[in-house]
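Here are some exercises to work through with the sequence and the 3D view side by side. Try each task yourself before you read the solution.

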Amino acid sequence: MPTTSGTAAPPAGQGGAAPRRAAETAPLDPREQRRRERLSRRYRRDIRWSPYAFIAPFFLFFAAFGLFPLLYTGWAALHRVELTDPTHMEWAGMHNFSRLWDDEFFWNALQNTFTIGVISTVPQLLMALGLAHLLNYKLRGSMFFRVAILTPYATSVAAATLVFVLLFGRDYGMVNWALDAIGIDPIDWQNGTWTSQFAVSTIVIWRWTGYNALIYLAAMQAVPNDLYESAALDGASRWQQFLHVTIPSLRPTILFTVVVSTIGATQLFGEPLLFNGSAGATGGADHQFQTLGLYMYEQGWVNLHMGRASAIAWTMFLILLLIAAANWLVSRRLRKSQ
């Protein structure tokens with residue numbers, strides 16, 4: 001029956017739908033089907049294995065330059081082996097470790113490492129906390145000051161140490177010149193026990209204070225302003241806000257910087273090595289500022305006792321593990337107290 005518009009009605013049973021194209025209904029060519037299956041398998045393999053390929057370079061470099069040296073050093077620590085003939089190893093068991101117990105130079109290096117670590121870490125973190133507190137307020141040119149305090153960290157150890165050697169010179173050093181101006185006799189910074197350790201510590205303080213200050217500053221900026229506003233409404237001064245709001249909020253960050261600084265102090269090497277170039281790895285004429293890192297270097301590369309040096313290296317590694325365990329216990333207690 002013709003429609004009122006004069007056009008023919010669609011055939012019965014098709015409901016007015018457009019006819020499907022022949023390309024959609026025709027079966028795929030076998031070669032095209034295989035190609036699509038092959039691409040699908042490649043896609044699945046790519047999704048599954050590409051993340052491992054991206055992280056594989058790190059593990060390869062770690063295995064070559066981290067894990068293998070660690071295991072080889074542990075194996076060498078159980079042998080008598082000289083650097084002049086590293087392929088000849090004589091089994092010694094725990095002898096290289098046990099002899100450290102009666103080695104006065106080892107205990108001297110351990111004590112110096114602890115002393116320099118305390119002298120450098122405590123003032124460094126306190127100064128970093130104060131600088132971060134100042135930079136946390138709105139200051140003119142705050143970005144300039146943030147970059148400026150990070151400059152010592154970007155300076156090489158050799159350049160910084162050589163400058164401090166000139167500053168602490170006995171005859172023509174600027175520090176003794178300033179002391180002489182106020183009536184204090186010149187100090188032989190390099191040959192004294194406490195004076196040399198203090199001088200080495202100042203290098204560490206100068207290099208790392210700005211770095212830790214930026215870490216504290218980032219943590220301070222994450223403290224909610226509501227806490228400061230509530231404290232201000234209660235009548236707390238800025239100093240009271242710093243003690244009762246800022247410090248408690250920074251406890252995890254402070255613990256992190258303490259642990260990292262302690263690890264760095266345990267591995268201290270470049271500053272004491274270059275502070276007295278004529279003494280080399282001995283750390284002064286009386287070993288007065290020889291650290292564990294210097295003692296290990298002296299045993300391995302000066303005395304050529306590779307087995308003993310390996311034992312010292314593993315002892316330092318065990319000390320760092322104890323520090324990490326203490327950090328975990330303190331962190332766990334802090335989380336429970338919150």
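**Exercise 1.** Find the element that holds Ile312, and decide whether Ile312 is buried or exposed.

*Solution.* Step 1: Ile312 lies in helix 14; helices here are DSSP runs of H or I with at least four residues, strands are runs of E with at least two, and both are numbered from the N terminus. Step 2: the relative accessible area of Ile312 is 1%. Step 3: buried means under 20%, exposed over 50%, and partly exposed in between, with a 1.4 Å probe and protein chains only. Ile312 is therefore buried.

Before you go on, a note on the model: it is predicted, so local features need pLDDT of at least 70 and side-chain atom pairs pLDDT 80 or more, while totals for chains, interfaces and linings use all residues. Residues are numbered from 1 along each chain as its sequence is written, and side-chain values use heavy atoms, without hydrogens and water.

**Exercise 2.** List the contacts of Ile312, leaving aside neighbours within four places in sequence.

*Solution.* Step 1: a contact means heavy atoms within 4.5 Å. Step 2: with that cut-off, Ile312 touches Leu100, Leu292, Tyr295, Met296 and Gln299. Step 3: take Gln299, which is 13 residues from Ile312 along the chain; their C-alpha atoms are 8.9 Å apart.

**Exercise 3.** Where do His287 and Leu304 sit, and what are their phi values?

*Solution.* Step 1: His287 is in the loop between helix 12 (270–275) and helix 13 (292–302). Its phi is positive, about 55 degrees, although His287 is not a glycine. Step 2: Leu304 is in the loop between helix 13 and helix 14. Leu304 is also not a glycine, and its phi is positive, near 65 degrees. Step 3: check accessibility. His287 counts as buried at 14%, whereas Leu304 counts as partly exposed at 28%.

**Exercise 4.** Trace helix 2 and find what its buried residues pack against.

*Solution.* Step 1: helix 2 covers residues 30–76 and has a kink of about 45 degrees centred on Ala63; the bend is the angle between axes fitted to the seven residues ending at a residue and the seven starting there. Step 2: Ser50, Gly74 and Ala76 are buried in this helix. Step 3: the buried residues of helix 2 pack against strand 1 (79–82), strand 2 (85–91), helix 3 (95–101) and helix 14 (306–337).
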